Amino acid sequence: MSALPEFQSFNVSVENHIAHVQLCRPDALNSMNQAFWLELPQCMRAIEAQTDARVIVISSTGKHFSAGMDLGVFTNPKAVPMNGDPGRMAENLRRVVMQLQDTLSSLEQIRLPVLAAIQGGCIGGALDMVCAADSRYCSADAYFTIKETELGMTADVGTLQRLPKLMPQGVVRELAYTGRNFSAQEAKALGFVNEVYESQQAMLDGVMTIAAQIAKNSPLAVTGCKEMLNYSRDHSVEDSLRYMATWQSGMFRPTDMMKTFQAKAQKQQAEYEDLRPLKGLFEE
């Protein structure tokens, strides 16, 4: 393992194969400023490549999880110049939006499960982000909103694409068209969050317990689950079954199963080998 870089937007710790990433700008309501959009994929990939983490927990600090997009991102003339030829301006804006989308998609693209622990407001771009997590948990005071509609624009970095895969279509349309808040209790009833906890600390304790259960399992089996679930969400059952068969023919080996059986016979916890570290092409 090598030391992780320092981040402006996150505090990161790794212990017992669990990486804990905390949004750390509570005075600014953890808004998603320019540093956030650059650092999130760097943070996810650094954890994946440079640590022994087998699961990532994303939480936040202060009263609110995140107030969403910092408007300074879209008022930065270097990123989004708003003058000149309309066609060229539009082409540039399209690429900017796709880069922002890629930032949040990093939660899906890494091979580790990502659990989001949410307190207070999860607004606009923050909702886009947690939609890309594998599972979501929240405290009783949490609420969610597709804020962009109220601001006069269409949400563009993932909510409208991912939320209909997580909640009923008609409800998602109502939330998108109205921009209203929906509560922790409503989110739980609709299946958007796995569990609602009485307090932020109870939520963190609960999510860390779940993360520990994930980290005890074979990391090869867990990353296979994530790969298959993401693929199946976006493909037909037939295509997904065929991909599963191909994956299993290449990735399945009895080593981890034998370790599991031996540990159970001895009433112990099995110890599994980490996945091979990620590195660039031809890196030592």
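**Pocket tour**

Start with the second largest pocket, at about 430 Å³. A pocket here is an open set of points on a 1 Å grid over the protein atoms alone, where a 1.4 Å probe fits, with protein on both sides within 12 Å along at least five of seven lines; lining residues have an atom within 4 Å of a point. Points are joined across faces, edges and corners, and the volume is the space filled by probe spheres set on them.

Before you click on: this is a predicted model, where local features need pLDDT of at least 70 and side-chain atom pairs count only at pLDDT 80 or more, while totals for chains, interfaces and linings use all residues. Numbering runs from 1 along each chain as its sequence is written, and side-chain values use heavy atoms, leaving out hydrogens and water.

Now select Ala133, Asp134, Ser135, Leu229 and Asn230: of the 20 lining residues, these are the closest to the centre of the second largest pocket. Colour α2 (86-109), β6 (135-139) and α9 next, as each gives two or more residues to this lining; α9 gives the most, with six. (Helices are DSSP runs of H or I, at least four residues, and strands are runs of E, at least two, numbered from the N terminus.)

On to the largest pocket, with about 660 Å³ of space. Its lining has 31 residues, and Ser218, Leu220, Ala221, Arg253 and Asp256 lie nearest the centre. Select α9 (219-234), α10 (237-251) and α11 (255-265), the elements giving two or more residues to that lining. Which element gives the largest share? That's α11, with eight residues.
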